[in-house]
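Here is a briefing on packing and strand pairing. Keep the sequence and the 3D view open while reading.

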Amino acid sequence: MTSNVRRFRFSRYFAYSKASFQESLAFRMGFLISIVGSIVYTIVICYLWKAIFQSAGAEVVNGMTYNDTLVYLALAGTITASVDVFLVWDIGRAIQTGDIALAFVRPADYFTMHLFTCCTSIVISFVVNVIPIFFLIEFISGWAIPIGFNIVFFMLSLFLGIIINFCIDFIVGNICFYTQSIWGINIMKEVVVHLLSGATIPLAFFPDKLHDAMMFLPFQAIYHTPLTMLINESMPTETYLRMFGVQLIWVVVLVIAAKLFFRRSSRVVTVNGG
Amino acid sequence: MEPVIQLDGITKTFKVLNRKTGMKGAVMDLFSRDYKEVCAVDHVTMSIQQGEMVGYLGPNGAGKSTTIKMMTGILEPTSGKVIVNGRIPYKNRTKNAQNIGVVFGQRTQLWWALPVIESFNILKEIYCVPDDLYKKNMAMFNDLVGVGDLYSKTVRQMSLGQRTLCDILAAFLHDPSVVFMDEPTIGLDVSMKSKIRYLVSELNKEKGTTIVLTTHDMGDVEALAKRIVIIDHGKMIYDDDINHLKSFFGAYRTIMITPDGEDVSDELAKECQTGIRDIIPEAKNVHVTVDEHSLAILVPEDEVSFVEVLQVAQEFRPLKDIQIKEISTETIIRKIYEGEAKDKNETVATPAATNGNESEA
């Protein structure tokens with residue numbers, strides 16, 4: 001029996017991905033609404049920054065043209081929406097209702113289980129949200145995004161970014177083991193991540209010192225790195241290596257941190273109710 | 001033979017903030033460091049052999065669920081040792097989970113929005129159940145309860161009974177050596193309860209699965225468990241055969257008589273009690289009390305013949321109605337608990353202590 005268990009080890013996590021896929025499909029209205037939301041957001045961004053650029057009276061602000069900014073922010077917006085899978089909220093709610101007990105009696109690692117579950121929803125919303133919005137932006141901006149190897153680098157980098165974001169969410173979610181409440185912590189996390197990752201304002205718009213400081217934080221590796229790779233048709237090999245290197249280091253550091261923190265925090269679990 | 005579950009003086013204490021009342025209290029609580037320790041489980045020791053069915057009883061808040069959560073590896077004991085299938089559950093959560101099944105009567109482990117059969121398929125993969133075993137188990141489930149037509153329903157559309165049934169099947173899907181059930185029959189109707197009892201006892205027989213069951217329903221216990229463990233205020237107060245419990249503490253039955261054309265009163269109860277005691281000399285511990293429109297005659301069966309008392313009671317007055325009531329779990333538990341308080345462990349510690357060594361393999 002044990003040999004069987006080892007051989008099929010990963011299939012058990014794919015089962016979680018599958019379950020999550022089937023559950024998402026069960027609520028199909030959600031897709032429609034989310035894509036409408038993304039389109040509206042893109043249009044708002046489009047006009048908001050047009051106004052900003054007009055009032056600035058310059059073609060180039062902080063080294064970015066209007067088109068650059070639009071592409072960057074609209075993409076960041078839709079990617080943020082699809083990458084954010086409410087993991088903090090899920091973990092928090094499971095702890096609050098006591099349903100966490102059910103996850104703990106499954107022969108699956110809690111971290112890996114959530115990672116596989118999240119990946120499904122991210123892939124789904126990438127297909128139904130990000131890809132259509134990508135073409136919408138291309139259309140509005142007059143094909144400003146080059147299509148070439150940059151897409152490959154972007155996808156790779158985005159994958160690493162997703163794992164970094166997942167780890168941050170997982171760690172923040174685990175705080176709920178101590179606090180039993182998640183609302184405030186989650187709000188704070190969202191503000192910090194959105195601001196420091198470049199999802200709301202391009203990082204180039206920050207003052208130099210702040211900008212430099214932010215480069216030492218993991219947040220910029222979530223959205224800023226993949227978007228930079230997407231927008232620039234080609235950069236020196238050295239730059240690519242450095243950017244991927246930084247992302248990889250953060251992935252390793254955060255996965256270890258998340259697992260260690262879970263090992264500690266899950267020991268103080270109190271299962272509420274019943 | 002090694003016991004499948006071994007608890008050795010396990011204790012679980014929780015730190016709880018001493019909350020103050022009112023708006024002012026709520027604000028002050030924000031800065032309070034005034035914790036008190038609550039002991040949910042207090043030095044519980046027991047060992048359970050493979051294939052046993054154990055009823056784990058106790059009033060609400062006695063610490064039953066907490067013990068189960070320590071045995072399943074969800075909680076870490078504050079002190080003491082838990083071994084399940086030769087492993088420490090909380091240290092080997094994943095490995096332990098592969099060999100146990102869990103049913104929480106108040107939660108479902110099935111996917112809410114999916115048809116049950118999909119949940120089963122997913123569980124099959126999560127637990128790495130081989131195809132042939134899966135087919136065999138599904139066929140067996142179908143023979144036992146015939147739930148084939150439920151499989152295409154989603155869990156959210158099911159009744160509580162159907163959902164519990166499916167949850168129990170799900171817990172047995174991967175042939176675990178132990179299944180923990182935390183109040184599986186809570187909130188179910190009579191026919192569903194009996195269906196579930198039948199299912200569980202058959203599964204135990206066919207697969208030799210060890211079953212630890214908590215419940216408040218004496219019917220569950222009588223139908224399923226040979227051995228019962230009682231816990232109250234976190235302390236284990238009884239661990240023995242169920243028949244022993246009945247003869248030891250619960251050799252009481254109550255006769256309810258409703259006199260015809262006469263209202264019951266305390267005087268009538270007193271008259272009845274002295275009447276019985278006069279006719280039957282051994283009946284000095286028979287008590288009669290008023291219970292709504294009837295007289296309740298409490299008969300200690302190890303002292304006096306139940307039938308004799310019944311005969312006397314029948315002739316006491318012309319009767320409209322007569323009923324015989326078995327003692328309830330809660331009453332037995334209360335009796336055991338009060339008994340312990342009175343003669344300090346003597347009557348109670350004995351069965352608990354002997355059972356630890358001689359519990360049948």
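Contact means heavy atoms within 4.5 Å. By that cut-off, Ile5(B) touches Met46(B), Ser47(B), Ile48(B), Met71(B), Ile83(B), Val84(B), Val178(B), Phe180(B) and Val212(B), not counting residues up to four places away in sequence. The model is predicted: local features need pLDDT of at least 70, side-chain atom pairs count only at pLDDT 80 or more, and totals for chains, interfaces and linings use all residues. Residues are numbered from 1 along each chain as its sequence is written, chains are lettered from A and ligands numbered from 1 in the order in which they are written, and side-chain values use heavy atoms, with hydrogens and water left out.

**Nonpolar cores**

- A nonpolar core is a set of buried Ala, Val, Leu, Ile, Met, Phe, Trp, Tyr and Cys residues joined through side-chain atoms within 4.5 Å. Buried means under 20% relative accessible area, exposed over 50%, partly exposed in between (1.4 Å probe, protein chains only).
- The largest core has 155 residues. Ile100(A), Phe104(A), Tyr110(A), Phe170(A), Ile5(B) and Phe120(B) have the most contacts inside it.
- Helix 7 (residues 110–141) of chain A gives the largest share of this core, 12 residues. Helices (H or I, at least four residues) and strands (E, at least two) are DSSP runs, numbered from the N terminus.
- A second, separate core has 21 residues, including Ile255(B), Ile276(B), Ala283(B) and Ile297(B).

**Thr42(A)**

- Thr42(A) lies in helix 3 (residues 29–56) of chain A. Thr42(A) is buried, with a relative accessible area of 1%.
- Leaving aside neighbours within four places in sequence, Thr42(A) is in contact with Ala74(A), Ile133(A), Leu136(A) and Ile137(A).

**Open sheet 2-1-4 of chain B**

- Two strands pair if DSSP finds at least two bridges between them. Here 3 strands form an open sheet in the order 2-1-4, with antiparallel pairing.
- Strand 2 (35–48) and strand 4 (79–84) of chain B stand at the edges. Each has a single partner strand, so one side of each is left without a neighbour in the sheet.
- Strand 1 (residues 5–17) of chain B is joined to strand 2 by 10 bridges. Lys12(B) has Val41(B) in strand 2 as its bridge partner.

**Strand 8 of chain B**

- What encloses strand 8 (residues 227–232) of chain B? The rest of the structure largely does, because 6 of its 6 residues are buried.
- Both faces are covered. Arg227(B), Val229(B) and Ile231(B) are buried on one side, and Ile228(B), Ile230(B) and Asp232(B) on the other.
- Strand 3 (residues 53–57) of chain B runs parallel to strand 8, joined by 4 bridges. Tyr56(B) stands opposite Val229(B).
- Strand 9 (residues 235–241) of chain B runs antiparallel to strand 8, joined by 6 bridges. Arg227(B) stands opposite Asp241(B).
- The hairpin of strands 8 and 9 of chain B has 2 residues between the strands. His233(B) takes a positive phi near 50° there.

**Helix 10 of chain B**

- In helix 10 (residues 266–279) of chain B, Leu268(B), Ala269(B), Cys272(B), Gln273(B) and Ile276(B) are buried.
- These residues cover an arc of only 135° around the axis (from the directions to the C-beta atoms), which puts them on the same side of the helix.
- The face turned away carries the exposed residues Asp266(B), Glu267(B), Lys270(B) and Asp278(B).
- The buried residues pack against strand 10 (252–259), strand 11 (287–291), strand 12 (294–300) and helix 11 (306–316) of chain B.

Terms used
Expected span 1.5 Å × (residues − 1).
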